Structure formats: C-alpha cells, structure tokens
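I opened the model to look up a few things and keep notes. The entries go from the overall layout to single residues.

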Amino acid sequence: MDILAHGLYSVVLCSKMRTTAANGVTGPQLDRKSALAAIAFGLLPDILSMGPAFVRHMLIADGGHFFVAYGGSDLVLYRLTHSLIVSLAFSGVILLVGRAFFLPSLAWPLHVVCDMFTHSASKFRTTVFYPLFSWGFNGLRWWEHPEVIAVYWVIVGFLWLARMGLARHSFSRD
Ligand SMILES: [Zn+2]
C-alpha cells in the first residue's frame, strides 16, 4: 500500500475521537495527539526499514535502482518491521507502559495487514510470522495494479464516513 494511504488508514482506524465541544466546534472531532501518533506508528515500518537505506542510496548515487539494490541487512529489517509478531509485541508493551497510545500503536500491525494483501510473495512479501517463518501471502502488487489503489482509497473513504457517522451518533445520544 502507498505511504499516503497508510497514513490515512492509521488516522481513520487507530486514532481517538473527542466527543466533547472544543475550540467553538460542537460535535465529534479527531484527537490531534492520537491522530499524529497513529500516523507515526503507521509509517514506522516503511520509514524504519527503508529510510536509512534510501538516504545511503541517495548519498552514494551509483545510478542503480533503489528497490533492486535493496537487500542484505536492510531486507532483514524490512521483514522484522513487517511482522505481526514484532508489531503486536510492540503494541503489547505500549499497553503495559503507555496505555494512552495503545490504539495509535495498532496502526503498525494494521500497516502489516494492509501490506500483506497489496504485496506479492516475492522479495517484498509481507512476512507476517517473521522471524519464525519467512512465508508471505501472495497478494496483488499495488504498484502494478492501479485498480487495487483505487479500491483501497475508496474503502478508506467509506471507513472515514462510517467512523464519523458512528461518532456523531454516539455524540448526539450523550
Ligand atoms: Zn510497508
């Protein structure tokens, strides 16, 4: 899944809503702190695994293709950051030490699930059970299928409308 969509899914599904009136606005609204935390956790797997390698690639500028050259310890990091075992363990720790950020931290395993269906079982497969297994689901590569991008963008739009509708409903009942 593209990084912008990861950020949106993180906000829509893993951030808290405020159901009190604030700043002169009456009605449900996003809790900014949890939305920013959700974005950070949701982008973490790609930034952590590809960020340093990308900076190195830009500095060395050998003319090669970044995704072709990507491998070695960077790929191990990619597998670790795209593992449900690692990400859920991390959320478990957050639950114990910083409960307020538990929901936003779930944006990390959500990222893994989204990538699982939008990557194929090739080099950039999503190894959900790593480091126990290197297996990856054979999904559709989003970068080769514009229709996949269209579908997940439409879905996140509906999810946002549903979330706002539910929040308004519970707000009007309070
Ligand atoms: Zn990813």
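**Overall layout.** I began with the secondary structure, which comes to eight helices and two strands. Read from the N terminus, the order of elements is α-β-β-α-α-α-α-α-α-α. The model is predicted, and I keep that in mind for every entry here. I took the box along the principal axes, and the C-alpha atoms fill roughly 55 × 40 × 35 Å.

**Burial and surface.** I looked up how much of the chain is covered: of the 174 residues, 39% are buried. The protein exposes about 9,800 Å², and carbon and sulfur atoms supply 72% of that area. I then turned to contacts between residues at least 6 apart in sequence, where 61% join residues at least 24 apart.

**Asp46.** I placed Asp46 in helix H2, which covers residues 32-60. A salt bridge would need a nitrogen-to-oxygen distance within 4 Å. I also listed what Asp46 touches, leaving out residues up to four places away in sequence. The contacts are Ile3, His6, Gly51, His82, His111 and Asp115.

**Helix H4.** Arg79 brought me to helix H4, residues 72-81, where Arg79 is one of the buried residues. I checked what they face: the buried residues of H4 pack against H2 and H7.

**Nonpolar patch.** I looked for nonpolar side chains on the surface and found a patch formed by Ile3, Leu4, Leu8, Ile47 and Trp153. Together these residues have about 460 Å² of accessible area. Which element gives the most to the patch? Helix H1, residues 3-14, does, with three residues. I took Leu8 as one of the patch members to inspect. Leu8 is found in H1, and its relative accessible area of 34% makes it partly exposed. Ile3, also in the patch, is among the residues that Asp46 touches.

I placed Val113 in helix H7, residues 107-118. Val113 counts as partly exposed because its relative accessibility is 33%. I took the C-alpha distance from Val113 to Tyr130: the two are 13 Å apart in space and 17 residues apart in sequence. Tyr130 and Pro131 are joined by a cis peptide bond, with omega at about 10°. I noted Pro131 in the loop between H7 and helix H8, the latter spanning 146-173.

Conventions. Residues numbered from 1 in each chain as written. Predicted model: local features only at pLDDT ≥ 70, side-chain atom pairs only at ≥ 80, totals over all residues. Heavy atoms only, no water. Helix = DSSP H or I, 4+ residues; strand = E, 2+ residues; numbered from the N terminus. Contact = heavy atoms within 4.5 Å. Patch = residues over 30% accessible without salt bridge, like charges linked within 9 Å, V, L, I, M, F, W, Y side chains within 5 Å. Areas by Shrake-Rupley, 256 points an atom, 1.4 Å probe, with all protein chains shown as cover. Buried < 20%, exposed > 50% of the residue type's maximum accessible area, 1.4 Å probe, protein only.
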